[in-house]
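Dear colleague,

Please find the structure below, together with an account of what was found in it. I would be grateful if you could read the two side by side.

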Amino acid sequence: MNLLFVTEMPIEARDKMLYAALHLFTSKGFKETSVLEIVEKARVSKTTFYQTYGSKEEMLAALCRQLAEEIIEDVEETVKREDKISEKAYVGIRRYIEICEIWKTAAKLLLIDSVGVSQTVEKVRREAYHRFAVLLYQTVQGAMPASVPDQEVVVVSQAMVGAINEVVIQNLFESESTMDLDRIARLLNRIVVGAYVNLSL
């Protein structure tokens, strides 16, 4: 099941609970949503909930993992369709920002609302950041001169993911103005490409 694209209640119990939780967490908030509300919306029993997740925090971790996986896979597919390295970076960044804009409440849940909920959720968030950094690293690694240490490319990839997420947070969730998707994606692409180019100087 692809949570970002599902518009009706799924059939499987696990998917129904994730779907219900996504809608409740993004409309009411994680803390304000009870397990009872989740099972009622999903039309499953509390027993089914606790057999599957164990706790509301564990469910949030599963939900964040699923959303991150879907976003990463979508961005990865977008990047694969391009041939030029500079275009790969641009379309990947643009698609990521576009997903965050289209599914704003899900992106907010991942990037802001899930922060500090529990160590399990934080671990999932860190894994998602790591996956994005690996995707960025794999995109540029083949184009880097052999003289550039691999670890430096890894560190720059990690820094770029942090920077991109911070730009999304400030422009999508904390700004009153409308985000210019193309302008921000092109600017971020210049920064990302520039960071890698500076490694080889």
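Predicted model: local features only at pLDDT ≥ 70, side-chain atom pairs only at ≥ 80, totals over all residues.

**Helix H9**

The buried residues of H9 are Leu181, Ile184, Ala185, Leu188, Asn189, Val192, Ala195, Tyr196 and Leu199. They cover an arc of only 135 degrees around the axis, which means that they lie on the same side of H9. An α-helix has 3.6 residues a turn, so residues three or four places apart point the same way. Arg183, Arg190 and Asn198 are exposed on the other side of H9. The buried residues of H9 pack against H5, H7 and H8.

Arg186, placed in helix H9, is partly exposed, with a relative accessible area of 43%. Between Arg186 and Glu40 there are 45 Å in space, C-alpha to C-alpha, and the two are 146 residues apart in sequence. Leu199 also lies in helix H9. Neighbours within four places in sequence aside, Leu199 is in contact with Met144, Val148, Glu152, Val153 and Val156. From Leu199 to His23 the C-alpha distance is 43 Å, with a separation of 176 residues in sequence.

**Helices H5 and H8**

The 18 residues of H5 should span 26 Å at 1.5 Å a residue, and its end C-alpha atoms are 26 Å apart, in agreement. Buried in H5 are Lys88, Ala89, Tyr90, Val91, Gly92, Ile93, Arg95, Tyr96, Ile97, Ile99 and Cys100. The partners against which the buried residues of H5 pack are H4, H6, H7, H8 and H9.

For H8, 24 residues at 1.5 Å each should span 34 Å, which agrees with the 34 Å between its end C-alpha atoms. In H8 the buried residues are Val153, Val156, Ser157, Met160, Val161, Ile164, Asn165, Val168, Ile169, Leu172 and Phe173. They pack against H5, H6, H7 and H9.

**The nonpolar core**

Which residues have the most contacts inside the largest nonpolar core? They are Leu63, Leu67, Tyr96, Ile97 and Tyr196, in a core of 72 residues. At least two residues of this core come from each of helix H1 (13-27), helix H2 (35-42), helix H4 (56-80), helix H5 (85-102), helix H6 (104-113), helix H7 (119-141), helix H8 (150-173) and helix H9 (181-199). H4 gives the most, with 12 residues. In soluble globular proteins, nonpolar side chains tend to be buried together.

Tyr96 illustrates the packing. Not counting residues up to four places away in sequence, Tyr96 touches Ile71, Val75, Leu111, Phe132, Ile164, Asn165 and Val168.

**Cysteines**

**Annotated regions and Arg43**

An unreviewed UniProt entry lists "domain: HTH tetR-type" at residues 11-71. Over residues 11-71 the chain is 75% helix and 0% strand, with the end C-alpha atoms 22 Å apart. The UniProt record, again unreviewed, places the feature "DNA-binding region" at residues 34-53. Over residues 34-53 the chain is 75% helix and 0% strand, and 14 Å separate the end C-alpha atoms.

Arg43 is found in the loop between H2 and helix H3 (46-52). Its phi is near 60 degrees, a positive value in a residue other than glycine. Is Arg43 buried or exposed? Its relative accessibility is 64%, so Arg43 counts as exposed, the cut-off for that class being over 50%.

With kind regards

Methods:
Residues numbered from 1 in each chain as written. Heavy atoms only, no water. Core = buried A, V, L, I, M, F, W, Y, C linked by side-chain atoms within 4.5 Å. Buried < 20%, exposed > 50% of the residue type's maximum accessible area, 1.4 Å probe, protein only. Helix = DSSP H or I, 4+ residues; strand = E, 2+ residues; numbered from the N terminus. Contact = heavy atoms within 4.5 Å. Arc of directions from axis to C-beta. UniProt positions renumbered as here; feature names shortened; annotations may be inferred. Expected span 1.5 Å × (residues − 1).
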